[in-house]
Amino acid sequence: MAAVLRSRGPRRAGWLPTLQIVRHAKSVTRHWKAMHFERQKLMALTEYVAPKPAIPETCITPCVKANNEENGYVKLLRRQVAEVFRDNRMIAVCQRSYTPSEEMLLMQHRLRKYNIQAKFFPNEIVRTFLSVSKYKNLLPLFVACNLMLVSPEVKVKEMLQVLKKVPQINLLGACIDNTILSNQGVVNYSKLPSMEITQGQVVATLSLTTSQTCALLQRSSAHLTALLDQYLKEQSSRTGGPDRQAGEDQAELGPAAGAADS
């Protein structure tokens with residue numbers, strides 16, 4: 001605002017205006033101006049340049065090459081995991097909580113009686129093997145402290161009996177004869193009869209079917225034979241009936257006639 005109110009009447013001595021507006025404006029005195037060419041050359045010549053170290057940095061820091069080769073122990077564990085899944089028909093995955101060493105040794109001893117072994121492998125090794133194998137569905141089971149119970153024979157019932165005595169170890173699932181089963185599936189599998197009993201039942205069922213088929217096929221011929229035998233018996237009884245009756249009458253009259261003659 002650039003207006004200043006002044007009194008319109010004559011100024012009196014000792015009188016001050018009631019309202020006075022003063023303009024507060026500051027002139028811009030600094031504008032950006034390009035540096036002179038001579039000064040630019042001077043600034044470029046006087047720019048500070050840090051001295052280079054006497055020893056090159058490549059000689060101070062050692063050259064480290066990335067070693068991507070696997071450890072020999074890791075290769076051995078992977079080979080053992082592959083052998084476990086190849087040579088065993090029953091592979092059970094369990095979750096292991098804190099278990100005293102005495103109970104763990106006792107459990108391993110009980111399992112060894114039924115030719116069942118407990119295997120401990122790091123989850124990283126097992127998951128690496130399962131990710132490229134046909135057992136990919138077992139990957140969600142290997143998330144914590146796990147152990148595997150393996151056996152070349154299917155000993156599900158014996159394994160469950162041993163695990164009942166060790167509550168710190170929980171069964172998560174199993175792979176039996178290349179079939180992945182859950183916890184409840186393993187329990188149901190243990191209730192199935194043995195292979196010998198199942199084979200006997202199958203043989204009995206098949207033999208019963210064949211015997212019933214043979215009986216049905218022979219039923220008409222046997223019935224016809226029975227009817228023919230019955231017919232022959234009736235015919236023989238009809239033809240031999242009068243002669244037999246006459247013989248019986250003659251036998252009755254014979255003693256009576258002898259007594260009359262005497």
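The model is predicted, local features require pLDDT of at least 70, side-chain atom pairs count only at pLDDT 80 or more, and totals for chains, interfaces and linings use all residues. Residues are numbered from 1 along each chain as its sequence is written, and side-chain values use heavy atoms, with hydrogens and water left out.

Me: How many helices and strands does the secondary structure of the chain comprise?
Reply: Helices (H or I, at least four residues) and strands (E, at least two) are DSSP runs, numbered from the N terminus. Read along the sequence, they follow the pattern α-α-α-β-α-β-α-β-α-β-β-α-α-α. The total is nine helices and five strands.

Me: In what order do the strands of the open sheet lie?
Reply: Two strands pair if DSSP finds at least two bridges between them. E1 pairs with E3 in the antiparallel sense over six bridges, and seven bridges join E1 to E4, also antiparallel. The edge strands of the sheet, each pairing on one side only, are E2 (117-119) and E5 (179-182). The open sheet of five strands, with antiparallel pairing, has the order E2-E3-E1-E4-E5.

Me: By what angle are neighbouring strands of this sheet turned against each other on average?
Reply: Axes are lines fitted to C-alpha atoms, for helices over the stretch in contact, and angles run from 0 to 180 degrees between N-to-C directions. For the strands of this sheet, direction is ignored. The average for neighbouring strands is 25°.

Me: Which residue of E3 stands opposite alanine 92?
Reply: On the E4 side, alanine 92 stands opposite alanine 174. Elsewhere in E3, serine 151 is the bridge partner of methionine 90. The E3 residue opposite alanine 92 is leucine 149.

Me: How many of the seven residues of E1 are buried?
Reply: Buried means under 20% relative accessible area, exposed over 50%, and partly exposed in between (1.4 Å probe, protein chains only). Of the 262 residues of the chain, 19% count as buried. E1 is mostly covered, and its number of buried residues is five.

Me: With which residues is valine 186 in contact, leaving aside its neighbours within four places in sequence?
Reply: Contact means heavy atoms within 4.5 Å. Valine 186 is one of the residues of the largest core that touch the most other members. Its contacts are Val156, Met159, Leu160, Leu171, Ala174 and Leu181.

Me: Why do the buried residues of H5 lie on the same side of the helix?
Reply: In H5 (residues 123-130), the buried residues are Asn123, Ile125, Val126 and Leu130. The arc is that of the directions from the helix axis to the C-beta atoms. These residues are on the same side of H5 because they cover an arc of only 160°.

Me: At about what angle does H3 run to E3?
Reply: H3 (72-87) and E3 are among the elements that cover the buried residues of H5. H3 also lies across E1, E2 and E3. Its angle to E3 is about 45°.

Me: How many disulfides does a search of the whole structure find?
Reply: A disulfide is a pair of cysteine sulfur atoms within 2.5 Å. Cysteine 145 is partly exposed at 47% relative accessibility, whereas cysteine 175 is buried at 3%. The number of disulfides found is zero.

Me: Near what value is phi of aspartate 177?
Reply: Most residues other than glycine have a negative phi. Asparagine 115, in the loop between H4 and E2, has a positive phi near 60°. Aspartate 177 lies in the loop between E4 and E5 and is partly exposed, with a relative accessible area of 35%. Its phi is also positive, near 55°.

Terms used. A nonpolar core is a set of buried Ala, Val, Leu, Ile, Met, Phe, Trp, Tyr and Cys residues joined through side-chain atoms within 4.5 Å.
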